[in-house]
Amino acid sequence: PPTARPRVSFLGCGYLGATYAICFAEMGYEVIGYDIDQAKIDAFNGGTVPFHENGLPEMLRRNLDTGRLRFTTDIEEVADFADVHFICVGTPQRPGEHGADLSYIESAVTSLARHLTRKVLVVGKSTVPVGTASWVQELLDRHTDGDLGVEVGWSPEFLQESNALNDVLRPNRVVYAARSEWGLDQLRATHQGILELAALEDREVPVVETDFATAELVKVAANAFLSTKISFINAMADLCETTGGDVASLARAIGYDQRIGNKFLRAGIGFGGGCLPKDLRALSARAEELGVGDSFHFLNEIDTINTRRRTKSVRAIAELAERPAGPAGPNLEGVRVAVLGVTFKPDTDDVRDSAALTIARKLAAARAEVVVYDPEGVDNARVAAPELKYVKSLADAVEGADVVSMLVPWEEFRILDPDTLGKQVSERRVFDAMNALEPARWRAAGWEYRGVGRG
Ligand code: UGA
């Protein structure tokens with residue numbers, strides 16, 4: 001690895017910080033990952049990734065072996081080690097409110113600042129309300145010796161769980177801001193590895209050097225735009241359902257227009273996860289605070305359309321089970337529902353704000369006998385929703401089911417053979433919540449098939 005590269009730290013070893021730390025070591029940087037959770041740090045140092053992300057454990061072990069990567073709970077060690085520190089802690093939704101909770105940023109920056117003994121760059125990566133960078137600079141000024149001249153930088157991240165390694169190593173753009181040429185140089189040097197890899201692979205990565213407000217806003221703008229696409233197609237799904245249209249063909253047809261694009265137009269149970277829902281609400285709350293709330297009221301509607309998908313899905317399952325909802329909602333007593341998938345999307349074990357898990361809980365609240373199977377998410381789901389019944393195999397979930405609800409399109413479910421599955425269930429009824437199955441094939445095998453926005 002080139003010696004000119006700055007030594008980097010990542011504060012907060014959740015999904016974001018850990019993935020970045022490991023990928024930066026992979027690119028040849030000397031890296032330290034920091035977290036206050038000793039168990040998590042021990043896991044990483046022992047070669048174990050405490051969440052599910054394909055390819056990450058192997059990359060972790062490979063880089064621990066090179067000696068370029070280590071993890072610690074000792075902030076003094078971090079302050080001493082790195083030239084550029086990335087803040088990667090969570091910014092969850094404040095309980096009972098829509099704004100973001102910045103207390104983890106405050107404690108990470110403050111404790112780091114107190115131990116700094118030389119000029120370094122502290123770069124925000126967490127998703128934050130616009131205006132946070134200058135507040136971080138104030139924290140740094142207050143808690144460091146002013147003569148050090150420690151500076152803030154900002155560089156949002158766009159990694160998607162289940163595609164995280166690729167998103168860090170091969171991002172579709174890099175965005176950053178700093179307040180001085182020195183700060184920009186540090187940021188250029190920390191992104192050099194990404195640009196070198198791109199050059200090796202004959203790709204180009206656009207770099208957007210910008211001001212702080214823009215760097216902060218790019219992230220929330222991107223997430224709000226993605227959410228809008230999803231709610232838009234879900235609204236169209238409603239229209240397709242009442243008119244006999246097919247939302248999947250519609251999405252494909254509009255997606256051929258490159259101004260629209262064919263991604264993020266899959267109708268279904270709506271968006272969940274630790275990012276899109278909370279970022280949408282935080283943007284709307286921040287716009288309100290800044291006096292431009294009027295322009296963002298549509299985001300509240302995007303949110304409402306999204307959460308409505310969850311109740312609509314329960315209603316669809318009830319109709320399939322021939323138990324349409326009465327005034328008090330559906331009564332599914334005596335109906336056995338196999339729930340396939342409870343994570344917020346496939347290829348992750350994350351159940352934060354998972355639409356599928358919410359639907360499973362709503363079904364149970366409507367007195368259905370819910371049996372849940374998920375390839376990776378059961379441990380986390382059990383903590384979030386202990387009232388549900390979980391099984392270890394798909395076969396156990398579908399045995400004797402009156403309705404099979406495929407809520408998350410894991411590969412394992414998409415390749416199911418309707419004939420084989422039909423022999424295990426009590427009734428051949430399937431709710432294909434993300435339109436991932438072939439209706440004709442399932443109907444031919446004697447299944448009553450219901451998708452979303454399909455006639
Ligand atoms: C999202 C963004 O896609 C990332 O770019 C961003 O960096 C990240 O949030 C973040 O803020 O850190 P992620 O939460 O991992 O990434 O998940 P997505 O792949 O965006 O999916 C979000 C939700 O939308 C999932 O529940 C997914 O099932 C749903 N979705 C996605 C749809 O319902 N339809 C689609 O067409 C696409």
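Mentor: Domain bounds come from an automatic or database domain assignment. This is a predicted model: local features need pLDDT of at least 70, side-chain atom pairs count only at pLDDT 80 or more, and totals for chains, interfaces and linings use all residues. Residues are numbered from 1 along each chain as its sequence is written.

Start with the shell. The ligand is surrounded by 22 residues. A residue is near a molecule or strand if its C-beta atom, placed from the backbone, lies within 6 Å of it. The closest are E161, R266, F271, G273 and C275. Helices α9 (212-243) and α11 (276-289) are the elements that give two or more residues to this shell. Helices (H or I, at least four residues) and strands (E, at least two) are DSSP runs, numbered from the N terminus. Helix α9 gives the most, with three residues. By type, the shell has ten nonpolar, seven polar and five charged residues. Ala, Val, Leu, Ile, Met, Phe, Trp, Tyr, Cys and Pro count as nonpolar; Asp, Glu, Lys and Arg count as charged; the others, Gly among them, count as polar.

Now step back to the domains. The assignment also gives domain 3 (308-450). The C-alpha centres of domain 1 and domain 2 lie 29 Å apart. Their contact takes ten residues from domain 1 and eleven from domain 2. Two residues are in contact if their C-beta atoms, placed from the backbone, lie within 7 Å. On the domain 1 side, six of the residues are nonpolar, four are polar and none is charged.

Next, the sheets. Two strands pair if DSSP finds at least two bridges between them. Axes are lines fitted to C-alpha atoms, for helices over the stretch in contact, and angles run from 0 to 180 degrees between N-to-C directions.

Another open sheet has six strands, in the order β11-β10-β9-β12-β13-β14, and its pairing is parallel. Its edge strands are β11 (389-390) and β14 (448-450), each pairing on one side only. Strands β9 (336-340) and β12 (403-406) pair over four bridges, and V339 faces S405 across that pair. Helix α12 (297-320) lies across β9, β12, β13 (429-432) and β14, at about 165 degrees to β13. Helix α13 (355-365) packs on this sheet too, touching β9 and β10 (369-373).
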